Amino acid sequence: MIDLNALGKAFRDEYGTEPRFFAAPGRVNLIGEHTDYNDGFVLPLAIDRRTTVAAHPRNDRLVRVRSLNIGETMSFDLDGTGEGRRDIWLDYIEGVARVCESRGFHLRGADMTLCSDVPEGAGLSSSAALEISSALAMASVSGFVIDPVKMALIGQQAEHQYVGTMCGIMDQYVAALGEAGHALLIDCRSLEYKPIPIDTSDIAIAICDTGVKHSLASSEYNARRRECERGVQILREWLPGITALRDVTMEQFEIHQEKLPEPIRSRCRHVIGEIARTLAASEALLHRDFTTMGRLMAESHRSLRDDYEVSCEELDLMVELAAAVDGTVGARMTGGGFGGSTVNLVHRGSLEMFREMVGSGYAAKTGHAPAIYVSEIGEGAREIG
Ligand code: ADP
Ligand code: MG
């Protein structure tokens, strides 16, 4: 947990003014992987780790930001043309500022200090936490209240244009709108959501970080997006009304699948099946049916591994080790894949054994002890302090 006193002190020491504080969480996706950019459904929740920004407006149009995680202060001028992509951490913040401006939110300059306990690059979306917390901070000290769905779209656009990751809407959406005690069943087409209460009195959410991030992640991600688009293009000849894989039922897919060449056929099978699984999972959770939830998570992992081919040895090993623990209800990779983390539902009474067996099993095979986080369900972006 971030100490607000320490963050406030670092802010005052650097800028000499009294800040307001804003925070946005990281996230973990229970099920619904690679469905967001297919107009489908996802079921993420905000974790209890977050990025916190201390901010105070300036009378000019300069934005100065210090990241305590990086130990560096950087700045940009809102009246400048923008450097475009530089592949540095400031891109995320300058990106959201420039997208806000382009959408008519004329921002004031600001001094900011930020600090995060969302691990970077672990697939828990430290980037969305950074975008949404800094967007909320810059908008708020400029006197704007931005609708949270619009804020999520601003974060996504910034990541597309200023970072170059063609992400879906899930990460920014749950960072902006997450609700304590609930996962969000997000309809990525209508951008509406339904809060799904998760009873965590007996079941804990355990996140296991493989500690690896294979370099194929972003090129393969973009390749999968193209394969899905190609699938829609081909299927449209027989199903003229469709605009995304969201519109294709499993029955329709089974009738027409012969017309799809591999690997497009397998990619489509994953997405169409995963959307159905996500809806079934939200029903199961509403009925506290963790047995069904666990089965759906296992099917999701197999589908991501075999049909979508975005898993890797480390993720498969972590899931296998978790599934072997008595007391594990469900286990699957979460996030884009090729490394990052797994999400697990584990009976609280078995958590110690889970940590021991998964931790030592993973270390024995890889020589690397994994970070295992047990997370409560956090809340979306807000002003704090
Ligand atoms: P993920 O979102 O899965 O954690 P990404 O590669 O998408 O991984 O985002 C990680 C990047 O976000 C970091 O390399 C860094 O540039 C930026 N970032 C995240 N948190 C911070 C922070 N607290 N301070 C500075 N930069 C950060
Ligand atoms: Mg990210």
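**Exercise 1. Find the residues with the most contacts inside the largest nonpolar core, and say where this core comes from.**

*Solution.* 
Step 1. Start with the terms. A nonpolar core is a set of buried Ala, Val, Leu, Ile, Met, Phe, Trp, Tyr and Cys residues joined through side-chain atoms within 4.5 Å. Buried means under 20% relative accessible area, exposed means over 50%, and partly exposed lies in between (1.4 Å probe, protein chains only).

Step 2. Pick out the core. The largest one has 55 residues, and Leu 30 and Leu 345 have the most contacts inside it.

Step 3. List its sources. Helices (H or I, at least four residues) and strands (E, at least two) are DSSP runs, numbered from the N terminus. Elements that each supply at least two core residues include strand S3 (44-57), strand S9 (203-213), helix H8 (264-286) and helix H9 (290-306). H8 gives the largest share, seven residues.

Step 4. Check the domains, whose bounds come from an automatic or database domain assignment. At least three core residues come from each of domain 1 (4-197) and domain 2 (203-375).

A note on the model: it is predicted, so local features need pLDDT of at least 70 and side-chain atom pairs count only at pLDDT 80 or more, while totals for chains, interfaces and linings use all residues. Residues are numbered from 1 along each chain as its sequence is written, chains are lettered from A and ligands numbered from 1 in the order in which they are written, and side-chain values use heavy atoms, with hydrogens and water left out.

**Exercise 2. Name residues in contact with Leu 345, leaving aside its neighbours within four places in sequence.**

*Solution.* 
Step 1. Contact means heavy atoms within 4.5 Å.

Step 2. Apply this to Leu 345. Its partners include Leu 30, Ile 203, Phe 290, Met 293, Met 297 and Val 329.

**Exercise 3. Which parts does the salt bridge of Arg 269 and Asp 307 tie together?**

*Solution.* 
Step 1. Find the pair. The two side chains meet at 3.1 Å, N to O.

Step 2. Locate both ends. Arg 269 lies in helix H8 and Asp 307 in the loop between H9 and helix H10 (313-323), so the bridge ties together parts 38 residues apart in sequence.

Step 3. Check accessibility. Arg 269 is partly exposed at 27%, while Asp 307 is buried at 15%.

Step 4. Compare another pair. Glu 94 forms a salt bridge with Arg 86, with the closest N and O atoms 2.8 Å apart. Glu 94 is buried at 3%, whereas Arg 86 is partly exposed at 28%.

Step 5. The whole structure holds 30 salt bridges. Glu 220, Arg 224, Glu 227, Arg 267 and Glu 309 are linked in a network of them.

Definitions and conventions:
Salt bridge = Lys/Arg side-chain N within 4 Å of Asp/Glu carboxyl O.
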